[in-house]
Amino acid sequence: MDEEIKSEILRDEDADVFREALAYLQQKAVVSYTDFKRLREWYRTLAFSVSGYTSLEVLNAFLEALQEAVKSGTTKRDFREQMNSFLENQGYDGILPYHADTIFRQNVQTAYNVGHYQQMTDPDVMERRKYWQYQTAGDNEVREEHRVMDGRVYAADDPIWDIWYPPNGFGCRCIVVSRTESWIKSHGITVENMIPTMINPKTRQAEGALPDKGFRTNPAKAKWTPDLVGFPEVLRKAWEERERKAR
């Protein structure tokens with residue numbers, strides 16, 4: 001796995017997150033990018049697509065390469081080389097480094113955050129580590145909205161994590177770390193229960209800080225249901241096709 005992503009996501013976690021992160025990528029249904037953009041934010045977590053490509057064969061190849069990255073620990077460079085070889089054999093141009101980095105980082109980082117969430121919400125872990133702390137990368141590239149959340153601590157079951165669980169934007173490098181009550185007390189940290197405010201640069205008014213548009217949900221909470229009632233038709237069809245191939 002890419003060392004930057006490992007250091008950002010797995011600072012204090014064990015290898016089980018690999019299994020859970022892989023499961024997250026394996027549940028995704030491949031859809032065209034046009035259909036993907038039409039989905040509501042919550043449903044996008046269950047879908048996979050890449051801008052610039054319409055072939056489901058190509059999109060499946062992208063997803064399988066990302067799954068392999070999590071499973072086997074391949075890097076961004078490995079991912080790009082693998083996909084360029086596939087694309088060129090299919091008559092496409094290769095992907096540029098920036099595009100490859102965006103696809104790789106966004107999907108793998110989301111997968112690891114989801115795996116991390118599943119570990120932290122294990123009942124035994126929740127009993128011992130009842131508080132979560134938001135952390136940014138701490139450099140000059142951190143978005144102002146994300147910086148406002150840096151270091152803040154909330155109860156693990158606080159509704160804020162339905163909105164502010166990372167990633168919270170394209171290229172977001174934020175993570176959430178679980179904390180014990182003794183750690184909170186020893187560091188003199190106040191447990192909060194409100195979304196922080198910041199000044200809107202356009203209106204000059206104070207308002208609640210929110211993640212980037214399109215990232216105001218918790219990806220770990222989006223799950224398929226057995227009957228798929230209420231799911232968009234394009235997702236139902238993609239799921240049914242995937243299940244048919246798996247038989």
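Mentor: Start with contact, which means heavy atoms within 4.5 Å. Keep in mind that this is a predicted model.

Trainee: Which residues of H6 and H7 meet under that cut-off?

Mentor: From H6 there are Lys76, Phe79 and Arg80, and from H7 there are Pro97, Ala100, Asp101, Ile103, Phe104 and Arg105. Sorted by class, the contact of H6 with H7 holds five nonpolar and four charged residues, and no polar ones.

Trainee: Why are H6 and H7 called roughly perpendicular?

Mentor: H6, residues 76-89, packs on H7 at about 115°, and the two axes are 10 Å apart. Angles of 65 to 115 degrees count as roughly perpendicular. The label for H6 and H7 is therefore roughly perpendicular. The crossing of H6 past H7 is right-handed.

Trainee: What makes H5 roughly antiparallel to H6?

Mentor: The axes of H5 and H6 cross at roughly 160° and come within 10 Å. An angle over 145 degrees counts as roughly antiparallel, so H5 is roughly antiparallel to H6. This crossing of H5 and H6 is right-handed.

Trainee: Which residues make the contact of H5 with H6?

Mentor: H5 brings Glu57, Val58, Ala61, Phe62, Ala65 and Leu66, while H6 brings Phe79, Gln82, Met83, Phe86 and Leu87. By class, nine of the residues in the contact of H5 with H6 are nonpolar, one is polar and one is charged.

Trainee: Which residues of H5 and H7 meet?

Mentor: Phe62, Leu66, Ala69 and Val70 in H5 meet Ile103, Phe104, Asn107, Val108 and Tyr112 in H7. That contact of H5 with H7 has eight nonpolar residues, one polar and no charged.

Trainee: On to the pockets. What makes a residue part of the lining of the largest pocket, and how many residues line it?

Mentor: A lining residue has an atom within 4 Å of a point of the pocket. The largest pocket has 26 of them, and Phe36, Gln106, Asn107, Phe170 and Phe215 lie nearest its centre. The space in the largest pocket is about 700 Å³.

Trainee: Which element gives the largest share of that lining?

Mentor: H7 does, with six residues. At least two residues each come from helix H3 (33-38), helix H4 (41-44), strand S2 (47-48) and helix H7 (97-120). The classes in the lining of the largest pocket are eleven nonpolar, ten polar and five charged.

Trainee: How much space lies in the second largest pocket?

Mentor: About 400 Å³. Its lining has 19 residues, with Val30, Asn60, Ala238, Arg242 and Lys245 closest to the centre. Two or more residues of the lining come from each of helix H2 (16-26), strand S1 (29-30), helix H5 (56-72) and helix H12 (233-246). H12 gives the most to the lining of the second largest pocket, namely six residues. By class, the lining of the second largest pocket has eight nonpolar, four polar and seven charged residues.

Definitions and conventions
Residues numbered from 1 in each chain as written. Predicted model: local features only at pLDDT ≥ 70, side-chain atom pairs only at ≥ 80, totals over all residues. Heavy atoms only, no water. 1 Å grid on protein atoms, 1.4 Å probe; cavity = no way out; pocket = protein on both sides within 12 Å on 5 of 7 lines; lining within 4 Å. Points joined across faces, edges and corners; volume = space filled by probe spheres on them. Helix = DSSP H or I, 4+ residues; strand = E, 2+ residues; numbered from the N terminus. Nonpolar A, V, L, I, M, F, W, Y, C, P; charged D, E, K, R; others polar. Axes fitted to C-alpha atoms, helices over the stretch in contact; angles between N-to-C directions. Parallel < 35°, antiparallel > 145°, perpendicular 65-115°, else oblique. Left-handed = near helix turned anticlockwise from the far one by under 90°.
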